[in-house]
Amino acid sequence: MIKALQPKLATSIISPTAGSVVGSKAQPRLLVVLSSRVQAETALLENPSDPSDPRKLQIYREVFEKFINEFKTYEPLLSEIKCVYDATIRAQKARIAELEPYQAKADIMKYEAAQEIAEYRAEAVKSMDELRVENYKLETENAAFQAEITRLEKHINVLADEVRTKDAMGTSEADLKKRVHHLQEQLEYAEVGFNEEIAKRDKEIEELRLVLAKKSDETAIAANEISRLKEIISTMVPLAEFEKEVGKQDELAKKNLKAEKEIQSLVIRMHLSFA
């Protein structure tokens with residue numbers, strides 16, 4: 001008897017014109033009742049349009065349960081669908097709860113990586129500035145040495161002319177040779193000093209290159225660490241945020257690489273200036 005009445009009950013609930021059921025002329029009574037309940041209860045929420053509010057999900061869960069109860073014929077299937085959705089939501093919440101500590105750790109690691117890259121870049125810029133100052137100083141000293149050598153060469157030429165003139169006039173050859181020898185010694189002394197200064201500068205440049213190589217190794221280690229962090233973070237954070245962070249890290253890496261190339265170019269120019 002109950003089973004025989006179920007189709008009539010479902011029909012009376014769904015149909016807006018069935019029997020004496022009170023409902024809207026355009027909508028079934030059950031739809032009107034459930035919609036009114038949803039509107040009334042969501043209106044009590046602080047932000048009804050917020051999809052992350054668990055209270056809103058609970059309102060729809062209760063409405064769906066009432067809808068299931070009205071259709072006994074489909075209740076097993078609809079209940080199973082609801083259970084699957086509820087289980088999926090619980091699993092997602094558990095997964096999110098598990099990932100929250102990793103998310104915090106990932107944020108810290110991203111911040112530390114960004115700080116390290118900024119420090120490496122600042123050190124690279126500082127080293128480049130120091131190399132520029134040192135290069136300018138070396139160029140100035142080199143110009144001074146070259147000017148002194150040119151002056152001594154001119155003076156030797158003048159003395160040579162004097163020697164030839166005095167030889168023609170019968171001047172003592174030994175005295176002239178002594179003066180020329182003295183000037184040659186001065187020239188050799190100047191050249192030795194210049195070569196020693198160049199050797200000193202070469203040593204300083206080599207030390208700077210070693211420092212640069214060390215910084216490059218540290219930068220490579222940091223880059224590898226960042227790549228490892230990218231792999232970890234890509235499984236923990238939303239894709240859009242991950243891609244945004246990847247873009248930032250790539251930009252910082254490009255700037256650091258540019259600074260290294262500028263330093264290497266500066267070192268090459270310094271060597272060429274002494275060639």
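Reader: Which helix is I81 found in?
Author: I81 is found in helix α4, which spans residues 75-168; a helix here is a DSSP run of H or I with at least four residues, numbered from the N terminus. This is a predicted model, in which local features need pLDDT of at least 70 and side-chain atom pairs count only at pLDDT 80 or more, while totals for chains, interfaces and linings use all residues. Residues are numbered from 1 along each chain as its sequence is written, and side-chain values use heavy atoms, with hydrogens and water left out.

Reader: Why does I81 count as partly exposed?
Author: Because its relative accessibility is 33%, and partly exposed lies between buried (under 20% relative accessible area) and exposed (over 50%), with a 1.4 Å probe and protein chains only.

Reader: Switching to charges, how many salt bridges does the structure hold?
Author: The structure holds 15 salt bridges, each being a side-chain nitrogen of Lys or Arg within 4 Å of a carboxyl oxygen of Asp or Glu.

Reader: What does D86 meet in a salt bridge?
Author: The side chain of D86 meets that of R61, at 3.3 Å from N to O. This pair links distant parts of the chain, 25 residues apart, with D86 in helix α4 and R61 in helix α3 (residues 54-69). D86 is buried, at a relative accessible area of 13%, whereas R61 is partly exposed at 21%.

Reader: And which residues are linked in a network of salt bridges?
Author: E134, E141, E197, R201 and E204 are linked that way. Between E204 and R201, the closest N and O atoms are 3.0 Å apart, and the two are separated by about one helical turn because they lie 3 residues apart in helix α5 (residues 173-234).
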